[in-house]
Amino acid sequence: MKEPGLEVELLVIWLGANDGAESGAHQHVPLPRFRSNLKELVNTARNADRFKNAEILLVTPVPIDETNKRTPSKEKNLDAHRSLATMRKYADAVRSVVEDLRHGANPDKKVSLVDAWEELIGYIRDGKGGLISKDGGHL
């Protein structure tokens with residue numbers, strides 16, 4: 001029996017900023033693994049009673065503001081270099097996962113995309129990247 005009041009209505013999954021660090025950095029997750037991890041998170045949630053009816057939002061990583069980015073320092077464990085081109089690949093992977101989940105063999109219409117990349121890339125291109133923190137990749 002399900003406990004009352006414990007059903008989740010909304011689950012937000014926002015990954016990719018650290019996963020998209022350079023290969024060799026301790027945070028790096030290769031793209032194929034990143035994609036499979038996202039799908040596994042959604043499937044695991046769907047198999048749990050309290051998430052069965054939840055709306056699930058997958059959020060793309062934000063674009064890297066390479067003009068605002070501080071230089072990583074090994075001493076401060078800031079070795080996770082990221083680039084605009086790499087973050088685009090991780091944002092594309094999130095978009096692709098949402099498409100697969102919504103239109104695949106077992107369509108899940110309660111999975112949606114929040115495209116933070118598209119919402120913020122214009123600010124960076126227009127030189128208004130102040131929304132992005134000094135590490136270049138977080139709000």
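**Salt bridges between separate elements**

At 31% relative accessibility, Asp100 is partly exposed, a class that lies between buried, under 20% relative accessible area, and exposed, over 50% (1.4 Å probe, protein chains only). This is a predicted model, in which local features need pLDDT of at least 70 and side-chain atom pairs count only at pLDDT 80 or more, while totals for chains, interfaces and linings use all residues. Residues are numbered from 1 along each chain as its sequence is written, and side-chain values use heavy atoms, with hydrogens and water left out.

Side chains of opposite charge can pair when their charged atoms come close. With a salt bridge taken as a side-chain nitrogen of Lys or Arg within 4 Å of a carboxyl oxygen of Asp or Glu, the count is 6. In one of them Asp100 meets Lys39, N to O, at 3.0 Å. Because Lys39 belongs to helix α1 (residues 31-46) and Asp100 to helix α2 (residues 84-103), this pair ties together parts 61 residues apart in sequence; helices here are DSSP runs of H or I with at least four residues, strands are runs of E with at least two, and both are numbered from the N terminus. Lys39 is likewise partly exposed, at 26%.

A salt bridge also joins Arg46 and Asp108, at 2.7 Å from N to O. Arg46 lies in helix α1 and Asp108 in the loop between α2 and β3 (111-114), so the linked parts are 62 residues apart in sequence. Arg46 is buried, with a relative accessible area of 15%, and Asp108 is buried at 15% as well.
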